[in-house]
Amino acid sequence: MLERAITSVRTIDPGSEEPPATRARLKDAFPAGAARRMTQLGMLVGAALDAVGPQPGDAIVYASRFGEGRALETFLESFPTPSPTLFQTSIHPSGVQQGLIARQRATTEVFPIAGSPAMVAQALLAALLTPTPRAIFCGGEERGTWLTAHGAASERTFAFALVLSSAGGVADGCGRLALEPGDVQGELTLESWFDLLHSRRPFAGAIAPGWRLTLHWS
Amino acid sequence: MSAAAASVRLSACDCLTPLGDAAATHAALLRGERALAPHPVLGGAGGDAVPLALLPGRALDETTPPAWLPAVQRLLGAVADRPWGSPRFPVCVSSSNFGVGSLYAFRHTGGPDFVAHGTPHASVATIARACGWGDNLAVFSHACVSAHLALLHASRLVTAGAAQEALVFSYDFLSPFVAGGFHALKILNAQLPAPYMAREAGSIGLGDGAAFAVVTRATGDLALRAQSLHNEMHHVTANQADGAGFAAVLAPVAAATRGARMWLKGHGTGTLEAGRLEAEAMARAFPGAPLTGWKGSLGHTLGSCGLVELALAARALRTGRAPGTVGTASPTFTDTVATAPFATTGCDGVVCTSNAFGGAHAALLLAHA
């Protein structure tokens, strides 16, 4: 069984907030000039990461099924004169890199994970198998527009970050999680994972074929 | 330092490039052949001619189903029969662009079938169905170090006993989306790349590529003895000017090779500043070790390059001969850059590196088991 304490957690659910409103709300949280070029997902993941207090040496596991949906849409619209800036920001894992670059936060291990039915399980495995004392599991989505109508961008906007620690106590509002192999079938989407964190709901069950998650909150 | 908990073996490894499988590509590189040729940057929509290396018979424009899928199925047909995608036999997939060319095609043609392959999960699902894989898929996307992440994760799964064997598969096939993006960055131009060559202007080429490796604990004649990652997070497209990021990723691997004789397969896309920083950092970390890179022939195969070039490095280790830096001539950034093929028989192993947007760096040590 792989197990770690959740020593810090931050979730952000901006509902139907549009990117300009998110930018206006969060621009002061980033160095001057940085927010102007950041995507909605980049700002939200950056804010969630800031809130859990990354430390030098932390491993970062980032999960997003769709990534930068709005930047991707606008980049596609920019042809036949494609935008270099939008090309850069549309590429996975721009969502987590934007905030880390804005903070000049060098990191040894960054594991960006894209979509698959076992996405949450594999992201947790990546975090739990890192040799570092702390791993930060973060991620999120941003709601798209015309790509959403075709199932190629997210329907929701959200972001989360949590610190998984191999040592130390559990602060109020935090908890523990464990991943163990077993003869089980199941799936936990990134949206459902976010909802568990956001509502601090406990969970015990299969999240991928062969993997069972137990999540406790103090 | 970031390293696999213990050495793992590669029980199989092969690649697909426009020059063929690993054996055919290795042989062509030894002959100095270039797969890169000029193509309109936006395919059927035209644009400037830029160096691209496409699979034989494949156009840059996306098709549905993807024209590259049968070639991928043939490549993966060589993988040993296992319940891949089951809990004990996971598949670690990596790519930078997945099927995003299909979204470009959808946007420009309106063809609804293209969307079915456009997202990362849809693209991977297309391959998984074609290959009969289960749902235990870990999908990594970190631009041009993607394949290294999949290898490291697979190594940790196997080392921790969370998997019996892990299949690592990496792919990136070009499209107007990708070529247009790099052209917009002005590093994909009419010139052919000359990695590590000190010349007036830098340039890159882009190429189709796919590769696989089977990671095990004890089967196979080659071992991954160390793996290292570092992320500068300094700038989206530029590295720290003092080369600190290159030095940071090489240090753990250099420590693991102390006293051994190495040769080096670098990232070497053909850009000037990154090429200079990389060549100098390699020369400092591994004094006297010959440095080669193959993107001057194959182009940059993006998220798959780490695994494609690992398969070629494995071939070079087994055959005792490594291709030189095709397309490059003197003057080079360091006197260790190999511009011609060289013998690997006197070496204990090879250090392979990849770099990516965001100042991401990855390195690994491949050696005889």
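User: Which residue of β5(A) is the bridge partner of Thr11(A), and how do I read such a pairing?

Analyst: Strands of a sheet pair through backbone hydrogen bonds, either parallel or antiparallel. Two strands count as paired if DSSP finds at least two bridges between them. Strands (E, at least two residues) and helices (H or I, at least four) are DSSP runs, numbered from the N terminus. Here, Thr11(A) has Phe160(A) as its bridge partner in β5(A). Seven bridges link β1(A) to strand β5 (residues 158-165) of chain A, in the antiparallel sense. This is a predicted model, in which local features need pLDDT of at least 70, side-chain atom pairs count only at pLDDT 80 or more, and totals for chains, interfaces and linings use all residues. Residues are numbered from 1 along each chain as its sequence is written, and chains are lettered from A and ligands numbered from 1 in the order in which they are written.

User: Which way do β1(A) and β6(A) run?

Analyst: Strand β1 (residues 2-12) and strand β6 (residues 175-181) of chain A run antiparallel, joined by five bridges. One pair to look up is Ala5(A) with Arg176(A) of β6(A).

User: How many residues of chain B are in contact with chain A?

Analyst: Contact means that the C-beta atoms, placed from the backbone, lie within 7 Å. By that rule, 47 residues of chain B meet 44 residues of chain A. On the chain B side, β5(B) gives the most, with four residues. That side has 24 nonpolar, 19 polar and four charged residues. Ala, Val, Leu, Ile, Met, Phe, Trp, Tyr, Cys and Pro count as nonpolar; Asp, Glu, Lys and Arg as charged; the others, Gly among them, as polar.

User: What are the domains of chain B?

Analyst: Domain bounds come from an automatic or database domain assignment. For chain B it gives domain 1 (8-216) and domain 2 (222-368). Their centres, taken over C-alpha atoms, are 20 Å apart. In contact are 60 residues of domain 1 and 55 residues of domain 2 of chain B.

User: What span should α10(B) have?

Analyst: The expected span is 1.5 Å times one less than the number of residues. The 15 residues of α10(B) should span 21 Å, and its end C-alpha atoms are 21 Å apart, which agrees. Of those 15 residues, 13 are buried. Just after α10(B), Gly320(B) has a positive phi of about 85°.

User: Is Gly33(A) buried or exposed?

Analyst: Gly33(A) is exposed, because 9 other C-beta atoms lie within 10 Å. Gly33(A) sits in the loop between α1 (19-26) and α2 (34-37) of chain A.

Notes
Two residues are in contact if their C-beta atoms, placed from the backbone, lie within 7 Å. A residue is buried if 20 or more other C-beta atoms lie within 10 Å of its own, exposed if 12 or fewer, and partly exposed in between; C-beta atoms are placed from the backbone.
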